[in-house]
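This report describes a pocket and the ligand placed in it, beginning with the lining and ending with the contacts.

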Amino acid sequence: MDDFIYHDGRLHCERIPIRQIAEKSGTPTFIYSRATLLAHYDRFAAAFAPLSPTICFSIKSCANINLCRLLAERGSGFDVVSGGELFRAMQSNADPQKIVFAGVGKTDAEINAAINAAIGLFNIESPAELENLIRIAASRNATIRAALRINPDVDPITHKHTTTGKKETKFGVDLEMARAVFDQFGRDKYVKLCGLHVHIGSPVNTVEPYIAAVRRSLELLTTLRAAGFQLDTFDLGGGFGAHYRGSEAPDAATYAAAIVPLLANQGLKIILEPGRSIAANAGVLLTRVLYTKQSGTRRFAIVDAGMNDLVRPALYDAHHFIWPAEPGPQFVPNPRGESDSIPGTIEMDIVGPVCETGDFLGRARKLPPVQRGDLVAVFTAGAYGMTMSSNYNSRPRAAEVLVEGDTFRAIRRRETYEDLVAAEIG
Ligand code: LLP
């Protein structure tokens, strides 16, 4: 639970009792720990240090510019997939040379913005995109570095919606086409095709898919080098896991032990794009019980956060550990796992106020008894929480708060009803 810890039966973030944040900022609120965010970044950087990689934090996972600034100050670059993410990365004082731009559907406007920003690398997802990039670069007389995203046809063994490295997904090009793309475009003077990019899926909770993906990439790289192409960059993407249930994800050192030996001494600049493994456990979603009810055999806790705030359970059947913030000393959760065997817990569904049956945060969970007004924490919500939130049911988006030791501050105000209609014209 990193820096989210129960003392005397009360949840704290670093040295702040969670209740204080609820009193000041209301609920639902995403609460982030600066110490946890940076500790995860530092552990990742230390584990992969033998490769001297450029770490490009995947901004899609957690995008508040205050959090991104902390990472940029620590030396992180950013993996962006849209003009909006590029804008955020620049607002976060990123070094443009440490920005990589992926995505299957880059528009001309986004490409031009990235050229203007002088980003470090374009990750190309199709021959058609590369042709377009060459056209734009030539018209501007700009020289650009690009890596070809390849699809190594490796199964990352994760949810079908977040599997990207299999042949049938829309990402990258397969290994045979990769060779053809280099033959056709690999000597262009405006777009220097200088490397390969892979991202096999997310989360990938075993090291074997990475090993297979790296091996296949290196084979291709060797063939391409033998054919005279100058490749100096390899971007391994992200996908490193985080603990949602217990300790299911390998730690950074375990991933690095498998990956570093394969990539060391290959004459390659290495890029890594972690998102979830840095941010997921740096944030919780704090919500409040509005009502409890019994319906047939099922018991419900209806809370004030819903699928518009955290869509992962509805979208991927994702599991987030959920626990009251002040359950009392007899209900201190077991750090990651088996808390449901604590005597006195009761099975319930934790659901939101949105008008959809799929609007749940957790189903059939054993929790300490809760009642109206209780605060409940949804853990591991720092990644793909706020960034995937929406205004569905015209619900203003949650506030975001950053804790630093014994202080905390709002880093995004709660949206208002006026915000909901602000962009609507007429
Ligand atoms: N690089 C690329 C090219 C990616 O597409 C992604 C994630 C990452 C890096 C970062 O992956 P990470 O290290 O965070 O696992 N919304 C889903 C996850 C979608 C991931 C999309 N791509 C979820 O909530 O689980």
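## Lining of the pocket

By class, the residues that line the largest pocket comprise seven nonpolar, 12 polar and eight charged. The model is a predicted one, and in it this pocket has a volume of about 610 Å³. Its lining counts 27 residues, of which Lys60, Thr164, Phe171, His199 and Tyr384 are the closest to the centre.

## Position between the domains

Because domain 1 (4-32 + 280-421) and domain 2 (103-272) both give residues to the lining, the largest pocket lies between them. The ligand takes up the space of this largest pocket, and the shell around the ligand likewise draws residues from domain 1 and domain 2, so the ligand lies between these two domains.

## Shell around the ligand

There are 19 residues around the ligand, and those that come nearest are Ser202, Glu273, Arg312, Tyr316 and Tyr384. Sorted by class, the shell holds five nonpolar, eight polar and six charged residues. Tyr384, listed here among the nearest to the ligand, is also one of the residues closest to the centre of the largest pocket.

## Polar contacts and burial

In the case of Tyr316, an N or O atom of the side chain is 2.7 Å from a nitrogen atom of the ligand. The ligand taken alone exposes 580 Å², of which the protein buries 92%.

Terms used: Residues numbered from 1 in each chain as written. Predicted model: local features only at pLDDT ≥ 70, side-chain atom pairs only at ≥ 80, totals over all residues. Heavy atoms only, no water. 1 Å grid on protein atoms, 1.4 Å probe; cavity = no way out; pocket = protein on both sides within 12 Å on 5 of 7 lines; lining within 4 Å. Points joined across faces, edges and corners; volume = space filled by probe spheres on them. Nonpolar A, V, L, I, M, F, W, Y, C, P; charged D, E, K, R; others polar. Domains from an automatic or database assignment. Near = heavy atom within 4 Å. Polar contact = N/O pair within 3.5 Å; in protein donor to acceptor, adjacent residues only side chain to side chain. Areas by Shrake-Rupley, 256 points an atom, 1.4 Å probe, with all protein chains shown as cover. Sits in = over half its atoms within 2 Å of the grid points.
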